[in-house]
Amino acid sequence: MSSLTPYSTGIDRATGRPMHDFDHVVQSAAVIFSTEFGQLVMREWVGSDVPGLLGSLMNRTETLAFFNAMAEAIDLHEPRLKVRKVEPLSVSRSGAFGVRLVVEYRPRGHLGDPTPEAALRAINATYDGGRWNTLGGS
């Protein structure tokens, strides 16, 4: 496979333009975080516990459960990522918050090859107004 050939390709949900590799994986993570188990017809097993934890009082126990739900969702549904750390970024009075996932990116993980890239990457995810926004970092 040429180094210019992407390992994964998809469509950007916001613009309709093609997206490749890490950007495609970041979008996939946002979809997983916003989907409850049982929500997708014919794919009831896809989703996460994250939506059920949103809106609850975020004490220490709930915060740990939330971080665990994010990491578990990636482990279950996204073989191209391996979560190494979940860090809080920000919290506002309106209920918006930000989280950074430090991940190993495994470009061929969906093909059965778990070899990671040399450097860790970060996904910054924010939740505001009922919507997840993700941005792939370094």
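Figure 1. Asp-21 counts as partly exposed, at 22% relative accessibility; buried means under 20% relative accessible area, exposed over 50%, and partly exposed in between (1.4 Å probe, protein chains only). The model shown is predicted: local features need pLDDT of at least 70, side-chain atom pairs count only at pLDDT 80 or more, and totals for chains, interfaces and linings use all residues. Residues are numbered from 1 along each chain as its sequence is written, and side-chain values use heavy atoms, with hydrogens and water left out. Asp-21 lies in helix H1. Its phi is near 50°, a positive value in a residue other than glycine. Most residues other than glycine have a negative phi.

**Figure 2. The chain and its elements.** The chain contains 3 helices and 6 strands; helices (H or I, at least four residues) and strands (E, at least two) are DSSP runs, numbered from the N terminus. Read from the N terminus, the order of elements is β-β-α-α-α-β-β-β-β. The chain has 138 residues, of which 36% count as buried. Among contacts with a separation of 6 or more, 38% come from residues 24 or more positions apart, where contact means heavy atoms within 4.5 Å. The accessible surface is about 8300 Å², and 53% of this surface belongs to carbon and sulfur atoms; the areas come from the Shrake-Rupley method with a 1.4 Å probe, and for residues only the protein chains shown count as cover.

**Figure 3. Strand E4 and its two partners.** Strand E4 covers residues 97–105 and is mostly covered, with 8 of its 9 residues buried. Strand E3 (residues 81–91) pairs with E4 in the antiparallel sense over 9 bridges; two strands pair if DSSP finds at least two bridges between them. Pro-88 has Val-99, in E4, as its bridge partner. Strand E5 (residues 121–128) runs antiparallel to E4, joined by 7 bridges. Here the bridge partner of Val-103 is Arg-121, in E5.

**Figure 4. The largest pocket.** The volume of the largest pocket is about 390 Å³. Of the 16 residues lining this pocket, Gln-27, Ala-30, Arg-131, Trp-132 and Thr-134 are the closest to its centre. On a 1 Å grid over the protein atoms alone, a pocket is an open set of points where a 1.4 Å probe fits, with protein on both sides within 12 Å along at least five of seven lines; lining residues have an atom within 4 Å of a point. Helix H1 (21–34) and strand E6 (131–136) each supply at least two residues of the lining. The lining divides into 7 nonpolar, 5 polar and 4 charged residues.

**Figure 5. Gly-47 between two helices.** Gly-47 sits in the loop between H1 and helix H2 (50–53). This glycine is buried, with a relative accessible area of 0%. Beyond its neighbours within four places in sequence, the contacts of Gly-47 are Ile-32, Thr-35, Glu-36, Phe-37, Ala-73 and His-77. Leu-76 is 29 residues away along the chain, and its C-alpha atom is separated from that of Gly-47 by 8.9 Å.

**Figure 6. Asn-68 in helix H3.** Helix H3 (residues 60–77) contains Asn-68. With a relative accessible area of 48%, Asn-68 is partly exposed. The C-alpha atoms of Asn-68 and Val-50 are separated by 9.1 Å, and the two residues are 18 apart along the chain.

Methods:
Points joined across faces, edges and corners; volume = space filled by probe spheres on them. Nonpolar A, V, L, I, M, F, W, Y, C, P; charged D, E, K, R; others polar.
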